[in-house]
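The sequence and structure come first.

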Amino acid sequence: MGIFKKVKIKKKLSVFLIFIMLISLSGCEGKATAPGVSSSVGERTTEAATESGAQDPVPNTAVQYAEEENQDFEDLMREYFEAYLSDNSWDYHSDVKGRDNPFNIEKIPYATYGDVNVTEEDWDEAKKGAEDFYDRLIKFENEPLTEEERYTYEAIKFEKETALHKFDNYYLYEPFSPGNGMQENYPIEFVDYQFDCKEDVDEYIELMKKLRDHFGDFIEYEHLKSEKGFFMSDSSVDSVIEQCDTFLKERDNNFVTEAFNEKIDKADFLSEEEKEDYKSQNKQAMEDSVFPAFEDLKATMEELKGTGTNDKGICYYEGGKEYYENYIFPSRSGSAKTVEEEIKVMDDRMTDLIVELSSIYYSNPEAYETYYNMLEDESLYKGFYDEGGEAVIDQLQEISKKEFPIDNEIPFTIRSMGENEGKIMESALAYYRICPLDDADYNVIVENSTHYDNLFYVLAHEGCPGHMLQNWYFRNTDASNARSVCMNLGYVEGWAVYASNQVLEECDFAGVVDDPEGIAKVDKIVHDLGYLMHGRLDIGINYEGWSLEDTEMYMEEHALNKEVAKEIYDIMAADPGTYLSYSTSYYEMLELRERAEEELGSKFDVVEYHRAILDAGPVPFAMLSKKVDEYIDENR
């Protein structure tokens, strides 16, 4: 199912991890080499890596495009688009703001979470359907297509080819993972469900009533996973139980109920009598279905705890390494590199970043020490909370105009999570709700007020020039409907990390420091190291099969405190591939930028370059590489 319409910056241990590295570095005066860099790093993991690890650009051969649309292809893309919007009630509701059927696609007449795959028969049927669509799509490989059609074809071809690999092992899918599971995401989806008419409220109530049965389908699947030897580890079970307990703790004042009541009170299309009636219906649905769904899940986790056969990375399951290599890595990163090539890229970048951090320590020790001290006493980012999120995004929009194609102010609203909501969503610092297909100006950013992190960076990532700018811009292009719903996660997160890093050196830290430029340089490296460290550990644990001892060794080699190795190990093993879209995809974006600058020299225009990337939209990096080549050729 594709019901989650948000992109979020994951809560990282990076600040703590790199803080340990900073401590190590500050005590290494007089050393000629960068501390934490070991000549043995990567030796046990990269023998099969290529010489450079660089992704070869797609050959920029001349392509002959048709002048007229291919009607057969258009019909297939219409079918693709309709299937996407008609799969479940969530997608239609979140992607279509207008209630006047703007895309001439009839909404499902009943509330549904969509089809679920919980048995081998279900998976086999879904696989057959996926293969059938792919076979029909691939027939257009050599057919005449317009430029937009060819671009749409290539994007969806990558999506479908990658998606077919999720059928390689049915039981490696985990619907209740601690970091991305239904128990974390569904409550937030309920909170963010917008009410624009009575039909919306009725649909919401029906979805609430069906939640227990919906969870029940996947609980059945968990029993099958247990029987087949693919159930989660005990540490993951404990995390899921804790999330259920947090949700169930406040029944009378549950944040989902509170959010519903607030939205109902603001619904000017309802009478007072209707408002009270809906509140009563919702309360009953919470008691009869929603709370029992979480109780059922908790009971199942307690029952099945101990039946897991693997407390290590996904590669220790049968077929797990291939699943990671063929499905998780490309679907999360959007990269055409092999995993082995990416290992080389990451190891080289780790060395370069630590050398760069060491250089700053010796060249600007005052900025370095200030950053270190303010990080230690948690005062570095406090000034932003006095300004508030809206003021920060306003500031970021103005800053972003220097390098990004922003002609108008982007409308937005900010919502802060409540305490219990923030605990449920502990793994997210914030998230951006993707604007509807028919309303680019409907932008919502939700921040997790239970975390005290860099508001400037987080809102640059989620807002401008990150996710909000990218989605707002793309919604205002002439991309086909099919391509508008074909979202490549690697591009999406890679852009957000890249773009937010571009403006980080403009951060003035709300006027609380004397050398904001010097401190911002350190901060930029710290963020980069955090993403890189997590991405590299993800590959090490889930693809190379690192044990906890291997992970501790790697962390020691990089001057990190191995006392947190167990916590990190469990996080990576529970949600494999999560950090690839923040690390690998970011480096793909950097490679493209560096190539364009090198080829064009003084003719490189950063605003026009960013326009080319944003015009391309969420596509795999092999396709984006072709677009960058076109930009280079047009501007030589």
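## Overall architecture

In the protein chain, 81% of the contacts with a separation of 6 or more are between residues 24 or more positions apart. The model is predicted. Its secondary structure comes to 26 helices and four strands. Of the 636 residues of the protein chain, 57% count as buried.

## Helix 10 and its two partners

Two packed helices are described by the angle between their axes and the distance between the axes. Helix 8 (residues 234–249) and helix 10 have axes that come within 9 Å and cross at roughly 155 degrees. Since angles over 145 degrees count as roughly antiparallel, helix 8 is roughly antiparallel to helix 10. Their crossing is left-handed. On the helix 8 side, the contact is made by Val237, Val240, Ile241, Cys244, Asp245, Phe247 and Leu248. Helix 10 contributes Met286, Val290, Phe291, Phe294, Glu295, Leu297, Lys298, Met301 and Glu302. By class, the contact of helix 8 with helix 10 has twelve nonpolar and four charged residues, with no polar ones.

Helix 9 (residues 255–266) also packs on helix 10 (residues 272–304): the two axes come within 10 Å and cross at roughly 165 degrees. Helix 9 and helix 10 are therefore roughly antiparallel to each other. The crossing of helix 9 and helix 10 is right-handed. Val256, Thr257, Phe260, Asn261, Ile264 and Asp265 of helix 9 make this contact with Lys275, Tyr278, Lys279, Asn282 and Met286 of helix 10. The contact of helix 9 with helix 10 has five nonpolar, three polar and three charged residues. Met286 of helix 10 is listed both in the contact with helix 8 and in the contact with helix 9.

## Helix 13 against helix 21

Helix 13 (residues 365–376) and helix 21 (residues 516–542) pack with their axes 8 Å apart, at an angle of about 60 degrees. Helix 13 and helix 21 are therefore oblique to each other. Helix 13 passes helix 21 in a right-handed crossing. From helix 13, Ala367, Tyr368, Thr370 and Tyr371 meet Gly518, Ile519, Val522, Asp523 and Val526 in helix 21. The residues of this contact divide into six nonpolar, two polar and one charged.

Leu375 is also found in helix 13. At 11% relative accessibility, Leu375 counts as buried, because the cut-off for that class is under 20%. The C-alpha atoms of Leu375 and Asp523 are separated by 10.0 Å, although the two residues are 148 residues apart along the chain.

## Helix 26

Helix 26 (residues 621–634) has 14 residues, which at 1.5 Å a residue should span 20 Å; its end C-alpha atoms are 20 Å apart, which agrees. The buried residues in helix 26 are Phe621, Met623, Leu624, Ser625, Val628, Asp629, Tyr631 and Ile632. An α-helix has 3.6 residues a turn, so residues three or four places apart point the same way.

The partners of this buried set come from several parts of the sequence. The buried residues of helix 26 pack against helix 5 (147–164), helix 11 (320–333), helix 20 (489–504), helix 24 (584–600) and helix 25 (606–616).

## The loop between helix 3 and helix 4

Gly98 has its place in the loop between helix 3 (89–95) and helix 4 (120–138). At 19% relative accessibility, Gly98 counts as buried.

Most residues other than glycine have a negative phi. Phi of Asn101, however, is near 55 degrees, a positive value, and phi of Asn104 is also near 55 degrees. At 21% relative accessibility, Asn101 counts as partly exposed, whereas Asn104, at 58%, counts as exposed.

## A cis peptide bond

Most peptide bonds are trans. Cys464 and Pro465 are joined by a cis peptide bond, with omega about 15 degrees. Pro465 has its place in the loop between helix 17 (455–462) and helix 18 (467–475).

How values were computed: Residues numbered from 1 in each chain as written. Predicted model: local features only at pLDDT ≥ 70, side-chain atom pairs only at ≥ 80, totals over all residues. Heavy atoms only, no water. Axes fitted to C-alpha atoms, helices over the stretch in contact; angles between N-to-C directions. Helix = DSSP H or I, 4+ residues; strand = E, 2+ residues; numbered from the N terminus. Parallel < 35°, antiparallel > 145°, perpendicular 65-115°, else oblique. Left-handed = near helix turned anticlockwise from the far one by under 90°. Contact = heavy atoms within 4.5 Å. Nonpolar A, V, L, I, M, F, W, Y, C, P; charged D, E, K, R; others polar. Expected span 1.5 Å × (residues − 1). Buried < 20%, exposed > 50% of the residue type's maximum accessible area, 1.4 Å probe, protein only.
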